[in-house]
Amino acid sequence: WQQSLLQGTKEDTDDVLLYHAGKLFPRWKKYTTIDNLSIHHHCQQIKKSLNISPNNSSFITLAFHPIFWPYIKALDSKFVVFHIYDLFEKMEIWNNELNTMYQNLLDRADLITASSEAMVANLSKKQLNKVKILHNGVDLELFDHTLSYSCPDDLKSIPHPRITNIGNINRKVDLSLIAKIAKKHPSWHWVLIGNLMNTELENDQEAAPALNDCINLPNVHFLG
């Protein structure tokens, strides 16, 4: 908020145009009318930045999370694509409001894509008719074992054997199991690379003590 400009700005990053909302018309969820006006203003600014006239609906909106349902309604595009990248209902923040937005988005979407079959297992038959599974891709050249790369300094100091996990460190990572194995095999070094979701873990009765165990073990390393 301190660094935001009064008006919204757009930024071209990696051939993707990003719109950053300004300080004018902030969202105010406590007051529905004001909040809806803010969302409408943001959407009109997004259209303007893309040279889309206010009443033009001939474009495609792609949503990645149910929380954007109010924007889907306000943009009112002719086509909507919803990509399900995770089991949203298993997230800690999930509630009735998000579930309602999730169902609305599923019903409105013309195409639903998902990273795996498990993510759409609970959808209705009507919703499943719109589903296409898009498995996560990988650039095999980046994992070519015949190529050699210099070892980062923070990793270089960690002895072998190393067991590595890459990704957000949240409740999905079984820190209790990692701590148990690390204590049983002190010569095995666990390297956890990713954002440490402290708030989520510390508010979980099982994850909090396990996180504390891992932090205090000499053979468990958090590299961020």
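Strand E5 (residues 111-114) and strand E6 pair in the parallel sense, over three bridges. This pairing belongs to a predicted model. E5 and E6 sit in an open sheet of four strands. A second open sheet has three strands.

**The four-strand sheet**

- The strand order is E3-E4-E5-E6, and the pairing is parallel.
- Strand E3 (60-63) and strand E6 (131-133) stand at the edges. Each has a single partner strand, so one side of each is left without a neighbour in the sheet.
- Neighbouring strands of this sheet are turned by 20° against each other on average, with direction ignored.
- Strands of a sheet pair through backbone hydrogen bonds, either parallel or antiparallel.
- Helix H3 (residues 96-108) lies across E3, strand E4 (79-84) and E5. H3 runs at about 125° to E4.

**The three-strand sheet**

- Here the order is E7-E8-E9, again with parallel pairing.
- The edges are strand E7 (162-166) and strand E9 (220-222). Each pairs with a single strand, so one side of each has no neighbour in the sheet.
- E7 and strand E8 (residues 189-193) pair in the parallel sense over five bridges.
- Arg162 stands opposite His189 in E8.
- Ile163 has Trp190 as its bridge partner in E8. The chain goes from E7 through H6 to E8, and this β-α-β crossover is right-handed.
- Helix H6 (residues 175-184) lies across E8 and E9. The angle between H6 and E8 is about 155°.

**The nonpolar cores**

- The largest nonpolar core has 20 residues. Phe82, Ile84, Tyr102, Leu105, Leu106, Ile112 and Leu123 touch the most other members.
- Helix H2 (69-75), E4, H3 and E5 each supply at least two residues of this core.
- Which element gives the most to this core? H3 does, with five residues.
- Leu123 is in contact with Tyr102, Leu106, Ile112, Leu128 and Val131, leaving aside its neighbours within four places in sequence.
- Another core lies apart from the largest one. This other core has 15 residues, among them Leu192, Ala207, Ala210 and Leu211.

- Leu201 is found in helix H7 (residues 198-202).
- Is Leu201 buried or exposed? The relative accessible area of Leu201 is 0%, so Leu201 counts as buried; the cut-off for buried is under 20%.
- Which residues does Leu201 touch, not counting those up to four places away in sequence? They are Ile169, Asn170, Arg171, Leu175, Leu196, Ala207, Ala208 and Leu211.
- Leu201 and Lys126 are 75 residues apart along the chain. Their C-alpha atoms are separated by 37 Å.

**The cysteines**

- How many disulfides does the model have? The count comes to zero, where a disulfide needs a pair of cysteine sulfur atoms within 2.5 Å.
- Cys151 has a relative accessible area of 31%, so Cys151 is partly exposed.
- Cys214 is buried, with a relative accessible area of 0%.

Methods. Residues numbered from 1 in each chain as written. Predicted model: local features only at pLDDT ≥ 70, side-chain atom pairs only at ≥ 80, totals over all residues. Heavy atoms only, no water. Pairing = 2+ DSSP bridges. Axes fitted to C-alpha atoms, helices over the stretch in contact; angles between N-to-C directions. Contact = heavy atoms within 4.5 Å. Buried < 20%, exposed > 50% of the residue type's maximum accessible area, 1.4 Å probe, protein only. Core = buried A, V, L, I, M, F, W, Y, C linked by side-chain atoms within 4.5 Å. Right-handed = clockwise from strand over helix to strand, strands pointing away.
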